[in-house]
Amino acid sequence: MHVIIAPDCFTGTLTATQAAEAMAAGWRRKAPEDLLTLVPLSDGGPGFLDVITRSVPGESSIVTVTGPGGMPVPAAVHITTDEGGRRTAWVESAQAIGLHLLDAPERDPGVTTTWGLGELLAAVLEHDVQRVVVGLGGSGTNDAGAGMLGALGAGPREVLGGGGAGLIATREHDLAGLAATRERFAGIELVAATDVASPLLGLQGASAVFSPQKGATPEQAQVLEGSLGYFADQVRRVLPPGTDLLTGRERRLDREPGAGAAGGVGYALMLLGARRVSGVDTVLEAVGLGRLVAAADLVLTGEGCLDWQSLQGKVVAGVAELAQGHGTPAVALAGQVLIGRREAMALGLGGCYAVAERPEELETAMADPVGTLEARAARVATTWSPRR
């Protein structure tokens, strides 16, 4: 039996590679004769570049940039060349502005900045590339990408680099370099690979939905919503939006799907001419998962917590849809499963299995994530691998 093991990271405990290896070790306990192919995945967030580097040959270099809390952090650029000679730079926003780079007391999306991501993209522009793919997700910031734009030359650091709450002080002259910043990317295909389709503002936007996960109180989330809305108004004054060819109306980038990704970095990248794509689909295509799944008997995917967010643009949903298209059964193994059988079936999953099946088991799973994941994978193997 040929099994594809293709999980996302188990956030806070295991990388995608570690999760895949643990699942494989457990599976081999009960089905040692099965052929296992490990394909760690990402949806654009943490681990995105590790997955791309593992699967797509190229050259990588390290750049030191400003982290979300102001401290220097290392971030990588991976350059690949396709058969047509097109050079692509792959970067992961979480390496520069990720929530994991902040200790608990530092998690304040009112002051954390995307300045380092702008420094990373500035380094990318020094390479002769025709395409830049930015993986978005797992950020510790909520500044609409203002810091990133500032680091690329849009305006002063004291205004744009101070975090989302301070954007209420933005004036038109603080964005005097925005048009020139956009011109720096002329002739480059800029791609924002996101794990969410949220707009910048509103009840489904960056501040309302995601800033609490980054440390914001309900009051701070409201302040951030107002600051980002004000910032977007100033941007429209400096860089008037185009017209939607279908409706004839003004195109509002802040309302575009994916504009709210990574605390609004999606919006800032769109200002620079980026098009938004699914992070999962980008990764699945890059690693050639479709070809592998078509030749397999089963796909085992997973993530830390399988919940309602998993249904919308995450790895498990992407893998399940791909497997269903090839007629290959797919099952999911997660730290926790918070969706029902109906939702799982709608995704195309033949089964969902939790490492922590009861709340009291969660502490044990967190204390020994590798051991408990291995043990659960072994139990799944007894169900899905034919007995000999």
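**Helix α4**

I began with helix α4, residues 115-124, and found it mostly covered, with nine of its ten residues buried. Buried here means under 20% relative accessible area, exposed means over 50%, and partly exposed is in between, with a 1.4 Å probe and protein chains only. The buried residues of α4 are Trp115, Gly116, Leu117, Gly118, Leu120, Leu121, Ala122, Ala123 and Val124. Helices (H or I, at least four residues) and strands (E, at least two) are DSSP runs, numbered from the N terminus.

**Ground rules**

I note that this is a predicted model, in which local features need pLDDT of at least 70 and side-chain atom pairs count only at pLDDT 80 or more, while totals for chains, interfaces and linings use all residues. Residues are numbered from 1 along each chain as its sequence is written, and side-chain values use heavy atoms, with hydrogens and water left out.

**Overall build**

I looked up the secondary structure and found 16 helices and eleven strands. The radius of gyration is 21 Å, close to the 21 Å from the globule rule for 388 residues, so the protein is as compact as a globular protein of that length. That radius is taken over C-alpha atoms, and the rule is 2.2 Å times the number of residues to the power 0.38. Along the principal axes, the C-alpha atoms fill a box of roughly 75 × 50 × 45 Å. Of the 388 residues, 54% count as buried.

Next I checked the contacts, meaning heavy atoms within 4.5 Å. Among those between residues at least 6 apart in sequence, 72% join residues at least 24 apart.

**Salt bridges**

How many salt bridges does the structure hold? I find twelve. The criterion is a side-chain nitrogen of Lys or Arg within 4 Å of a carboxyl oxygen of Asp or Glu.

I opened Glu189 and Arg86, whose side chains meet at 3.1 Å, N to O. The pair links distant parts of the chain, 103 residues apart: Glu189 is in strand β7 (residues 189-194), and Arg86 is in the loop between β4 (72-81) and β5 (87-92). Glu189 is partly exposed at 26% relative accessibility. Arg86 is partly exposed too, at 32%. I also see a network of salt bridges linking Asp82, Arg86, Arg131, Glu189 and Arg275.

Asp195 and Lys314 form another salt bridge, at 2.8 Å, N to O. Asp195 lies in the loop between β7 and α8 (206-210), and Lys314 in the loop between β9 (298-306) and α13 (315-326), so the pair ties together parts 119 residues apart in sequence. Are these two residues, Asp195 and Lys314, buried or exposed? Both are buried.

Asp254 and Arg236 bridge at 3.5 Å, N to O. Asp254 lies in the loop between α9 (218-238) and α10 (265-271) and Arg236 in helix α9, so the pair ties together parts 18 residues apart in sequence. Asp254 is buried at 4% relative accessible area, whereas Arg236 is partly exposed at 21%.

**Aromatic pair**

I searched the whole structure and found one aromatic pair. The rings of Phe48 and Trp90 have centres 6.2 Å apart and planes at 45 degrees, so the pair is tilted. Phe48 lies in helix α2 (residues 48-55) and Trp90 in strand β5, so the pair ties together parts 42 residues apart in sequence. Both Phe48 and Trp90 are buried. Rings of Phe, Tyr and Trp (its six-membered ring) pair if their centres lie within 6.5 Å; planes under 30 degrees apart count as stacked, over 60 as edge-to-face and the rest as tilted.

I found Arg376 in helix α16, residues 369-384. Arg376 is buried, with a relative accessible area of 8%. Leaving aside neighbours within four places in sequence, Arg376 contacts Leu333, Tyr353, Ala354, Val355 and Glu357.

Gly153 sits in the loop between α5 (146-151) and α6 (157-160). At 44% relative accessible area, Gly153 is partly exposed. With neighbours within four places left aside, Gly153 contacts Gly177 and Thr181.

**Cysteines**

I looked for disulfides, pairs of cysteine sulfur atoms within 2.5 Å. The structure holds zero. For Cys305, the nearest cysteine sulfur is that of Cys352, 12 Å away. Cys305 is partly exposed at 24% relative accessibility, and Cys352 is partly exposed at 25%.
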